[in-house]
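Please walk through this protein model with the text below.

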Amino acid sequence: MVSVTRSVFGELPSGAGTVEKFRLQSDLLGVDILSWGCTISALEVKDRQGRASDVVLGFAELEGEVAPVQGTAFDLRKPVALGKHLQDFHVDGFDHNFCLKGSKEKHFCARVHHAGSGRVLDVHTTQPGVQFYTGNFLDGTLKGKSGAVYPRHSGFCLETQHWPDAVNQPHFPPVLLRPGEEYDHTTWFRFSVA
């Protein structure tokens with residue numbers, strides 16, 4: 001027996017349209033195909049014992065939301081005391097990409113100020129995003145220089161990058177490097193004292 005069913009998979013951001021899922025099913029296999037890019041989101045095939053399982057990596061729903069930060073824990077556009085900010089919003093830490101205003105030119109990305117030492121880090125980049133990670137998995141077992149102990153949230157990373165999953169999100173800044181093209185991005189770290 002062969003059947004084809006059609007259902008709504010999700011909505012694209014900004015009213016860009018509906019993504020539909022087509023399910024093709026037979027006795028030998030089942031396949032889910034999305035109308036967005038003719039993407040195979042699931043392919044169920046049988047193993048030696050006749051058990052069917054999905055052999056395609058993917059997501060159960062549309063990924064790639066670009067959301068406003070205003071009024072959320074992600075609103076870091078003005079200075080915050082990070083530890084207090086995490087507590088106030090009941091957030092376990094950050095490990096998120098922040099979308100920057102796209103430009104291939106050098107643009108401001110982030111500023112970090114350590115009140116105790118007066119150190120300041122300014123970051124500029126040509127990348128469209130920055131992954132902000134706050135040492136969520138540090139647990140005090142890692143020992144650093146001179147025996148320093150690193151408890152949770154005792155460090156952070158600012159990793160400039162393209163937006164995650166951009167290769168599968170046509171509404172994200174393009175990420176593919178085509179034959180003959182050159183990869184050219186720069187990140188500047190400026191340290192000072194305030």
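Predicted model: local features only at pLDDT ≥ 70, side-chain atom pairs only at ≥ 80, totals over all residues.

Residues are numbered from 1 along each chain as its sequence is written, and side-chain values use heavy atoms, with hydrogens and water left out.

Start with the layout. The protein chain is divided into domain 1 (3–54) and domain 2 (82–193). These bounds come from an automatic or database domain assignment. The C-alpha centres of domain 1 and domain 2 are 35 Å apart.

Now the empty space. Rolling a probe the size of a water molecule over the atoms shows where empty space is left. Here a 1 Å grid is laid over the protein atoms alone, and a pocket is an open set of points where a 1.4 Å probe fits, with protein on both sides within 12 Å along at least five of seven lines. Grid points are joined across faces, edges and corners, and a volume is the space filled by probe spheres set on the points. The largest pocket has a volume of about 1900 Å³. Its lining has 50 residues, and those closest to the pocket centre are Phe-74, Leu-76, Phe-98, Phe-132 and Leu-158. A lining residue has an atom within 4 Å of a point.

Which elements each supply at least two residues of this lining? They are α1 (82–88), β6 (95–99), β7 (107–113), β8 (119–125), β9 (129–133) and β11 (187–193). Helices (H or I, at least four residues) and strands (E, at least two) are DSSP runs, numbered from the N terminus. Strand β7 gives the most, with 6 residues. By type, the lining divides into 28 nonpolar, 14 polar and 8 charged residues. Ala, Val, Leu, Ile, Met, Phe, Trp, Tyr, Cys and Pro count as nonpolar, Asp, Glu, Lys and Arg as charged, and the others, Gly among them, as polar.

Strand β7 holds His-107. At 13% relative accessibility, His-107 counts as buried. Buried means under 20% relative accessible area, exposed over 50%, and partly exposed in between (1.4 Å probe, protein chains only). The His-107 side chain has a polar atom 2.9 Å from the backbone oxygen of Glu-105. A polar atom of that side chain also lies 3.1 Å from the backbone oxygen of Gln-127. Beyond four places in sequence, the contacts of His-107 include Val-123, Thr-125 and Thr-126. Contact means heavy atoms within 4.5 Å.

Thr-125 sits in strand β8. Is Thr-125 buried or exposed? It is buried, with a relative accessible area of 0%. Its side chain makes a polar contact of 3.1 Å with the side chain of Thr-187. A polar contact is a pair of N or O atoms within 3.5 Å; within protein, one must be able to donate a hydrogen and the other to accept it, and residues adjacent in sequence count only if both atoms are side-chain atoms. The backbone oxygen of Thr-186 lies 3.3 Å from a polar atom of the Thr-125 side chain. Other contacts of Thr-125 include Cys-109, Thr-160 and Trp-188.

Next, the loop between β10 (157–161) and β11, where His-185 lies. His-185 is partly exposed, at 24% relative accessible area. Leaving aside neighbours within four places in sequence, His-185 is in contact with Thr-126, Gln-127 and His-162. Its side chain joins that of Thr-126 in a polar contact of 2.9 Å. A polar contact of 3.4 Å links the side chains of His-185 and His-162. Asp-165 lies in the loop between β10 and β11. Asp-165 has a phi near 65 degrees, a positive value in a residue other than glycine.

Finish in the loop between β9 and β10, the place of Asn-136. Asn-136 is buried, with a relative accessible area of 13%. Its side chain makes a polar contact of 3.2 Å with the side chain of His-153. Other contacts of Asn-136 include Asp-92, Phe-94 and Arg-152. His-153 lies in the loop between β9 and β10 and counts as partly exposed, at 30% relative accessibility. Most residues other than glycine have a negative phi. Phi of His-153, however, is near 65 degrees, a positive value.
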